[in-house]
Amino acid sequence: MTDPSAAYEVVIGLEVHAQLRTRSKMFCGCPTAFGAPPNSQTCPVCQGMPGSLPVINRRAVEFGVRTALAFHCRVNASCRFARKHYYYPDMPKNYQISQYEEPLAEDGWLELQADGQPRRIAIQRLHLEEDVGRLIHEGTLETAHASLVDFNRSGVPLMETVSQPDVRSPEEAAAYLRAFRAVLLYLGVCDGNMEEGSLRCDANISLRRWGAPDLGTKVEIKNLNSFKNVQRALEFEALRQREALDRGERIVQETRLWDADRGRTRTMRGKEQAHDYRYFPEPDLVPLELSRASVEAVRADLPELPAARRQRFVREYGLPTYDADLLTQTRALADYYEAAVREVPHPKLVSNWMMSELLRAIPADDERALAASPISPRHLAGLLRLVADGTITGKIAKDVFEKMFRSGEDALTIVGREGLTQIADTAALGAVVDQVLRANPKAVEDWRRGKKAAAGALVGQVMKATQGKANPSVVNSLLEAKLSQL
Amino acid sequence: MITQLTVHALVEQFRRGAATPSAAARAYLDRIAAVDPSVRAYITVTPERALAAAAAADARWRAGRPLSPIDGVPIAVKDLLCTKGVRTTCGSRILEHFVPPYDATVIERLEAAGTVLLGKTNMDEFAMGSSTEHSAFFATRNPWDLARVPGGSSGGSGAAVAADLAAAALGSDTGGSIRQPAAFTGTVGLKPTYGRVSRYGLVAFASSLDQIGPFAKDVIDAALVLRVIAGRDPLDSTSADVPAPDFVAELGRPIEGLRLGVPQEYFVEGMDPEVEASVREAIEVLKRLGGRAEPISLPTTDYALAAYYLIAPAEASSNLARYDGVKYGSRAAGARDVIDMSSKTRAQGFGPEVKRRIMLGTYALSAGYYEAYYGKAQKVRTLVRRDFDAAFARVDVIVAPTTPNLPFKHGEKEDPLAMYLNDVLTIPVNLAGLPGVSVRCGFSLAGLPIGLQFIGRPFDEATLLRAAHAYEQATGWQTRRPPLP
C-alpha cells in the first residue's frame, strides 16, 4: 500500500483497548479472573445497582501511568473520569465511566520496525475506563428468544490508547499492534490475549491522493480480534475505498464491521446514527491528582522495554537483528533466552535452537504456553551443553529434544538411559568404518573412479550402524584416510 | 407518651431504666398503626426488624453497655436509602419491588450505633418534587393540616417526625428536600456539608448535590444523629476526610458576638407576609441573645434556580439511565426486542415529573447544547459559591427563611415552575455544598409552622447547630404539637 506508484496514500489510526491485569475491577473490589461461572464475580457497583458508587482502583492507575511512560506520554497532573452514555443491556448503568476531556496521559509515541528501519507512530492519548458485561444469546443475535447477561467482565479495567493517523499500511498496522502488545507484556499490565478479548482493536482508515494536505473521509472498522484480522480488514477496506474513489464515488463516513468468515467489511452504522454520548464529568468521583513524585516513582521502576532489549541482544550476545527481534517479542521469551544463555554460554546456539525447535512447539507470542513449557531454560541449556561439548550429535539432540518435550525429563537422563553418547573414539569407529567398506564394495569402487559423492553414502552407513551416535567429523576423516589407503 | 419524647429524653429514660427500647419500638409501631393511615408517612413498616433490634438494645442498656448515645432509638429512613432485604422503592413504580442486596453506609452506621429501623418513608419519586405528591404510591399529608402537603421530597420523613411516628428520621437534600419539608412540618431538618455524610447506598438523584441528613424534634437530636452518620467512607470518593466533632458538646456554647448575615435577596417579592414577619422576629431574638446581625448580599441568588434546573436534571438523566428493566426493578411485558423493552419499562415505570427532568437533562447534555446549558450552569454554580465565600469572610452564619411560603394544599401547585419556586431559598446552599438547617420559628394564624434557615461554612455544622440551638432554647415553639390523636 505504500507503493508510491499507487494513486492514493493509505492513512490509518488505531484505537487499542487493553484489559489491565489488576486483581480487582476498575471501580470495585470484585475479582477480574476470566472464566468464572456467570455473575459470580459481581457486586452492587459492577452490577450498577441503585445507590452504588465507584472507587478508583489505584493499581489500575499505576498500570496506566506505567504504560503512558513506556509510550513517552505526558502524564497529566490532574485527570478526570467522565460518563459516556448509550443504552445497551451489557452495560449495567447505561453509561460507561471513561475519560474524555481530561485523560490520564497524552502525546507520546511507539517505535516499531518497518522494513528493518525504526519508525515512530505518535500516540494521541491514553485513558482508563471500565469494561462492559457480556451478552449470551439463545440462538443467533437476530433470532434469539432470550438473551442472558454475564456481568463478570463488567467493570474490568480497560486502558484505551489512541494513535495519531500515522500508520501508512495494513502491514504497518499489524506491526504497530505487535510492538504495542510487546510493550504491554513487558510492563506486565495486560496478558495480551486477543482470543479472550484482553486486547481489542478498532481502526480508522482513509485514503488521500499523494501529497494532498487534507485527510480523506475516514471509516471506522470494529471487531478486529487478531493481528491477522486487522491486516486483512484494512487491506480489504483500502481496496474497497480505492476502487470507490477510482469510480468517482465519495467515501461515506461510517462504522463498518469486519466479517472474518466472509473476509469483508460491512456497514454497521452511518454518521447519522452515530451516538451522542452526552459526556459529562463523573460527579461520583473527584479529580484524580497524580503528583510528580508518584509518576517519577513509576518511571524509576520501569523494566527494560522491547526496543532497548532488542538492541542489547545484538550488542551483548552478537545476535543478528532478526534473532534479536524474534526473541524479544515477549518478556517471557527474552527472559527464557537469557536464562538459557546464562547456563550455556553459546548465544547463537541457544538462539538457533529456540527459533528452530522450541518455537515450533510454542507460539512465540504466547507467554502462558511458554511458562507451561515442559522444557525449562535450564533443561534446554543442559541439552545444548551436551551438543557443545560433543557428548551427543546435533541429530541425536533433536530426538532428545522431542523426548524432553514429551516427558519433561532433562537431557542427561535421556542420553544416559538410552546410551546416546556420541562415539568419537577412532579405534571403535575405525572398526565400524572397515566393516562398512567391506560391506559396500560398489560404493568403494565408485569412489575410486572419481565419484566423490559416494563417500556421503558411506558416511550414512556408518551413522546407521552407530544409531547416529558417531561423531560426523571423525567418521569423515577416518573414511578419507582409509579410502585413500585402499 | 413515650413517642413525644426527644431522642435525648428517650435515651435518658433508657439509661435510668424508666423505659426500654422494646417498649419505645412497640409504642411507635402502635402509633404508626393508629395514626399513619391518616398521615401516610410510611411506604414500608418493618416491625420484625424493629422489634429484633430493640430487643438487642434492651440487653445492652440492661448491661449498661449501649453502643452509642442513640442506642435503641426508633428511626425512620427515606425510601431511597438502600436497606438489605427491605424493599427500597424511591417512590417509583419502576422500583416498586426492588429489594437491595446491601445496606447503605448510613444504615450500617445507624445499626452499628444500635438504632431501631421502623420503616421506609414516602417521598416524591426519585426525590424530584417539593410536596411528596409525586410519590407513585400515595401523597403524604402534613400533620399540622391533613389537607396540606408536608413539603418534599423527604415529606414522609418530615411528617413521621412531626406526627411522632418516629423519634428521628433520615432524608436527603438535593435542592432543599430536607429543609423545605422540615419547615412545612415544623421539624428540625439538617442538610450537612456536601461530603460530610457518605452517599453510598443513597439512590442518586443528582450526585453532585445529594446529601443525607437528619430530621429531628430538636437541634440536640439532629446533632446526635449527625454524629453517628457523619465521616469519611472509603466507598464514597466524594465523602470528605474531615473529622466529625462532638456536635452536641458544642451546642452549649453561647452565641454572644456571633456574626449573623441576613441576605437581602432571600426576602423575595411575593413571599408570604406571615413567613417574613416570623423570620424577622426570629432575627430579633438572635440579636437579643448576643448575635450581631448585619445585612449581606448574595447577588447570584436569582440565577441559582436556573442553574440548578440544568445541573440536577442533567445528572438525573444519567443516574436514572440504569432503570431499563434488564437487571432489577420492574420490566414491562410484551416487548418486541430489548430496546422496546427498555422504552416500555421506562414509559410505564416513571411518573411525569421524572420524565420531564430526564428530558430536560438529556437535552442539556446533548452535543451542541452542552456548553450553552450544562457548561454555563456550572459557571453560575462557581459564582454562587463565590458569593457565599465572600459573605462568610464577614459573617459566621447566614440566617434566612427556609421557604418563601407556607405549606400549600394538595393539588394546589399543578404548574411545575410554581413548584420549583418553593426551593428558591434552599437551592443555592446545595449548589455551594454548604450545610444548612431549618428550625421552627413560629406559626401562621392558621396554625401552620414556619421555618428559619441557618446556613454555615463548609464543615462548620457545629457553629450552625449552636446558633440554631440557642434560638430554639430562647423560644417555646417546639412545645406545640400537631392536632393529631
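# Reading helices, strands and domains

Me: How many residues of domain 1 of chain B are in contact with domain 2 of chain B?
Reply: 19 residues of domain 1 of chain B touch 20 residues of domain 2 of chain B. Keep in mind that this is a predicted model.

Me: Where are the domains of chain B in the assignment?
Reply: Domain 1 of chain B spans 2-254, and domain 2 of chain B spans 301-379. Taken over C-alpha atoms, the centres of these two domains are 28 Å apart.

Me: Which domains is chain A divided into?
Reply: Chain A has domain 1 (8-297), domain 2 (304-418) and domain 3 (426-485). Between the C-alpha centres of domain 2 and domain 3 of chain A there are 34 Å.

Me: Now a helix. What does α5 of chain A reach from its first C-alpha to its last?
Reply: Compare the span with the expected one. Helix α5 of chain A, residues 306-317, has twelve residues. The span is 16 Å, close to the 16 Å expected at 1.5 Å a residue.

Me: Which residues of α5(A) are buried?
Reply: Start with the general idea. An α-helix has 3.6 residues a turn, so residues three or four places apart point the same way. Now the case here. The buried residues in α5(A) are A:Pro306, A:Arg309, A:Arg310, A:Arg312, A:Phe313 and A:Tyr317. Looking down the axis of α5(A), these buried residues fall within an arc of 165 degrees, so they line one face of the helix.

Me: What covers the buried residues of α5(A)?
Reply: The cover includes strand β6 (105-114) and the helices α2 (170-187), α6 (321-327), α7 (331-343) and α8 (347-361), all of chain A. Just after α5(A), look at A:Gly318, which has a positive phi of about 65 degrees.

Me: Let me try α15 of chain A. Which residues of α15(A) are buried?
Reply: They are A:Ala454, A:Leu458, A:Val459, A:Val462 and A:Met463. These pack against α13 (426-439), α14 (441-448) and α16 (472-485) of chain A. Helix α15(A) covers residues 454-465 and reaches 17 Å, close to the 16 Å expected.

Me: Over how many bridges do β4 and β5 of chain A pair?
Reply: Four, in the antiparallel sense. A:His85 has A:Tyr95, in β5(A), as its bridge partner.

Me: How many residues lie between the strands in the hairpin of β13(A) and β14(A)?
Reply: Four. In that hairpin A:Gly263 takes a positive phi near 70 degrees. Strands β13 (254-259) and β14 (264-270) of chain A pair antiparallel over six bridges. A:Asp259 has A:Arg264, in β14(A), as its bridge partner.

Terms used
Residues numbered from 1 in each chain as written. Chains lettered and ligands numbered in written order. Predicted model: local features only at pLDDT ≥ 70, side-chain atom pairs only at ≥ 80, totals over all residues. Heavy atoms only, no water. Helix = DSSP H or I, 4+ residues; strand = E, 2+ residues; numbered from the N terminus. Expected span 1.5 Å × (residues − 1). Buried < 20%, exposed > 50% of the residue type's maximum accessible area, 1.4 Å probe, protein only. Arc of directions from axis to C-beta. Contact = heavy atoms within 4.5 Å. Pairing = 2+ DSSP bridges. Domains from an automatic or database assignment.
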